[in-house]
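Please look over the model before reading on.

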Amino acid sequence: MSTPRSQPPARRSPRVIGGLVAALLVTAIGFGLLVPLWPAVTVDHDEDRLAAWRTEAFTLSYIHSIDGLPIEEDLRVTEGELVVERTRLKQFGAGMGHIDGEGQGRADGDWWVVDDLERDIGSQMHLRAGATRIDHRITSAEHELRLSVCLPGERITISAARVSTLTLFTTPDDPACAGYTYQNEEDS
């Protein structure tokens, strides 16, 4: 009586293994490019994305429409929310200044600074960009978007977001407001 011989284990061909590795690699790259992984600030006008910055801190600055002096508001993204950390202004204008119980006010040369505000304003902020003399700007350590230059009088939405790597690479980042040449009749 003969004893059954055991068969050697089946070996996968190098082509099959290479194909599986390639498929896994393509899936991983696609995942990394398309899934919103990065905390960011996005700036939109209507349906157009003006900027997507991988940053957790930015400054909104403008010239006060009544007293004509500059104002800077420092914001950060925390857990998907926009939080006002600090305001800097040259003089208390209409609606500006230190509110009792909110932050700590102090003089800093010609500026009045209110630190430690910790004012949560939600995941989005809407503003209407002022005329060019108002000079609405959004800046981060690496970027600047001059809204009054390209979209005076237009509604802008600033959002705390998570964006994909692909979004970071494909969203124009242009100080001239992503190529907008909008002209408001009032500023002509």
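Patches are made of residues with over 30% relative accessible area and no salt bridge; like charges are joined within 9 Å, nonpolar side chains (Val, Leu, Ile, Met, Phe, Trp, Tyr) within 5 Å. A salt bridge is a side-chain nitrogen of Lys or Arg within 4 Å of a carboxyl oxygen of Asp or Glu. Areas are Shrake-Rupley values with a 1.4 Å probe, and for residues only the protein chains shown count as cover.

Leu33, Leu34 and Leu166 form a nonpolar surface patch of about 250 Å². Leu166 lies in helix H3 (residues 165-170).

The model is predicted: local features need pLDDT of at least 70, side-chain atom pairs pLDDT 80 or more, while totals for chains, interfaces and linings use all residues. Numbering starts from 1 along each chain as its sequence is written, and side-chain values use heavy atoms, without hydrogens or water.

Two residues can be set side by side. Buried means under 20% relative accessible area, exposed over 50%, partly exposed in between.

| Residue | Relative accessible area | Class |
|---|---|---|
| Leu166 | 36% | partly exposed |
| His136 | 10% | buried |

His136 sits in the loop between S9 and strand S10 (137-139). Its side chain reaches the backbone nitrogen of Gly130 at 2.8 Å.

Now the sheet. Helices (H or I, at least four residues) and strands (E, at least two) are DSSP runs, numbered from the N terminus. Strands pair if DSSP finds at least two bridges between them. Four strands make an open sheet, ordered S2-S1-S12-S9, with antiparallel pairing. S2 (48-53) and S9 (124-128) are the edges; each has a single partner strand, so one side of each lacks a neighbour in the sheet. Seven bridges join S1 (residues 38-45) to S12 (residues 155-163). Thr42 has Ser159 as its bridge partner in S12.

Definitions and conventions
Buried means under 20% relative accessible area, exposed over 50%, partly exposed in between (1.4 Å probe, protein chains only). A polar contact is a pair of N or O atoms within 3.5 Å; within protein, one must be able to donate a hydrogen and the other to accept it, and residues adjacent in sequence count only if both atoms are side-chain atoms.
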